[in-house]
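User: I am new to this structure. Please show me how to read its features, one at a time.

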Amino acid sequence: MDYSDVLKKFEIFLTDVCYNQLLKSVQESTALVIDYEALERFDPELFDYFLEHPEECMQAVDEAMSNIDIGEEVEKKIPLRIRNLPDTEMIMIKNLRSTHLSRFIGVEGLIKQASEVRPEITFARWECQSCGEKIDMLQEEQTLEKPYMCECGNKRGFQLVSRKMIDVQRIVTEESPESLDGGQQARKLGIYLKSDLVDPTFQKKVVPGNKVLVTGILNDMPIRVERGKETKRRDIFIDCNYLEPIEKEFEDIEITEDDEKQIKKIAKDKKIFDMLKKSIAPSIFGYDDIKLAIAFQLFSGVQKVRPDGMKTRGDIHILLIGDPGAAKSQMLKYVSSLAPKGRYVVGKSSSGAGLTAAAVKDEFTGTWALEAGALVLANGGMCAIDEMDKMDATDRSSMHEVMEQQTVTVSKASIQATLSARTIILAAANPKYGRFDPYTPIPDQINLPDTLISRFDLIFAIRDIPSREKDTSLADHILRLHENPEEESVPMSAEMLRKYIAYARTNCAPKLTKGAMEVIREFYVNIRNQNPEDEKAPIPLTARQLEALVRLAEASAKIRLAETVTKADATRGIDLLTNCLKQVGIDPETGQFDIDRLSSGVTSSKRNQILDILRIIKEMQEESTDKLVNHEDLISRIEEEGMDSDKVNQIIDSLRRDGELFEPKPGFIIKV
């Protein structure tokens, strides 16, 4: 097929098939975007030729558009964009070879890095300094090309008098984690965006973390070594023709009218909360409270922005602590796959830069650029962090800001930036000694700082306790799954649940009613003031749990697609928080809720014992002439006040390790 045939066919195609669309593109000064099917239906032979010789065909399209009568003068060229290539032309980045060069292909991947938009010269006019002759040159290579020689014989002294420029941006995409086999390293590919693909409106799609589908021409460039020399090896890149995001946030999922009717019908069902429990991770037996909490987490509360600019997060964070083999990791895997922009990371193999952001040298501009980490990539979605207790302390510290302020502030390599990280966090951790101990405070059981633990709205303990009835049901469930692995009866499919969540998050922002506020206020005030006259009484809840109650109540209202939060929603949130605190927040000595057991690991009763011991030591020091306190005399005196000597010895050893007490000679101690 020669050039004249290609030109003629494209003229007919634009006139007969795309004329109205072309007119609209001219009027709005936008690109002409068509599906590949339109070109393939028009002429399969032309479509195949386009895939093999895209640059020649693009030139023919430009000429065809100039030959067509559009009815008005076109100020700039209207580019043709081809999207939705067939699966046969979609190639994985790791499978790109030299045979694909100069072909029109499609690739799929995650935007890992995006450079700044910079101008590039596409056409240059040179003037000969000897005779004044003007020489026009298209700039199609990586370097600026000058004329070799003028007609007058001059080989030097050319001056650039005019030029045409377009804006260019380089992005780096890498293969999606789900497309990798085993322990493969994700391959990266550079992609160049030009012309309308770098418009400010289009730039919203080009955000690190977005999963995109790119169509374009695969080209090569020389790999330069020292002193500007080139090696025989070449680097490849895609000259992008069209880019579209294929992974969306909850709010961006397309919902049809039929879907909307079905969602509203489901929301009116009185058993909606039981349906959600059965629909989330249906292959995992039990854990109804945890599944309901995860449902609340996926729907989330409502973010508020105050007049002074302060924001109150609406996202709910959950921590699962439990025995090994209790399906924590499976739960996290399922939820991360359910949520759009979901990310699953493992604490031991995650670094602070991998979670937040890293500064890398940009090859295109030569400046430093930010490379987004998992929590930024999951902005608007969810990040599931497994084995959170195995993370290094320095890496874990980067999460404090993300969990409360929902931003990532970066100050690296002359870069000062604040990235948005509105990310729901579902984390799992294992106890230090293998099994969860209900009588030991959580900070003493897991390797997490109390400041981070306090940022979780709900903390659940998953315990594997032998029970004939429960074990029989669990065994039947697992054996049934092995017998019929494909059989699954759930009230809602994962796709329907995803649409339901997306619809609720997009269309519902319920407001607290006076009735709901009264229920929450009454619960909060009553539980905090059970012993108002006792100054040493434990503190059951803090303002953080109060805000968590509001978020849970709002999530409950969102599930019902309601505009207001009712008393029932508030009660549902209170029940969920109470069940959580019963597992991990009760002081075994007093039987009362004590939030310090969660946040600091030192319960109110233990803190009072420590203060009493330090008081007695101080009194005995004042009575002693040498200021030394005999250890045996101290134990005897403490026993007179009704304290257990074993616990007292544990506390004294702990105070000695912390530097509160000092042992100048065996059997004697003093308060520092």
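User: Which residues does Y500 touch, not counting residues up to four places away in sequence?

Analyst: This is a predicted model. A contact here means heavy atoms within 4.5 Å. By that reading, Y500 touches I263, I266, A267, I272, L276, F299, M492, I559, R560 and L561.

User: Which residues touch the most other members of the largest nonpolar core?

Analyst: A nonpolar core joins buried residues through side-chain atoms. The largest one has 96 residues, and M399 and Y500 touch the most other members.

User: Which helix gives the most to this core?

Analyst: Helix α8, residues 288–299, with 8 residues.

User: Now R498. Is R498 buried or exposed?

Analyst: Buried means under 20% relative accessible area. R498 has 18% relative accessibility, so it counts as buried. R498 sits in helix α17, residues 494–507. Its side chain makes a polar contact of 2.9 Å with the side chain of E495.

User: At what angle do helices α9 and α17 pack?

Analyst: Read the helix axes as fitted lines. Helix α9, residues 328–338, packs with α17 at about 65 degrees, and the axes are 10 Å apart.

User: Which residues make that contact?

Analyst: From α9, Y334, S337 and L338. From α17, A494, L497 and R498. By class, the contact has 4 nonpolar, 1 polar and 1 charged residues.

Definitions and conventions: Residues numbered from 1 in each chain as written. Predicted model: local features only at pLDDT ≥ 70, side-chain atom pairs only at ≥ 80, totals over all residues. Heavy atoms only, no water. Core = buried A, V, L, I, M, F, W, Y, C linked by side-chain atoms within 4.5 Å. Buried < 20%, exposed > 50% of the residue type's maximum accessible area, 1.4 Å probe, protein only. Helix = DSSP H or I, 4+ residues; strand = E, 2+ residues; numbered from the N terminus. Polar contact = N/O pair within 3.5 Å; in protein donor to acceptor, adjacent residues only side chain to side chain. Axes fitted to C-alpha atoms, helices over the stretch in contact; angles between N-to-C directions. Nonpolar A, V, L, I, M, F, W, Y, C, P; charged D, E, K, R; others polar.
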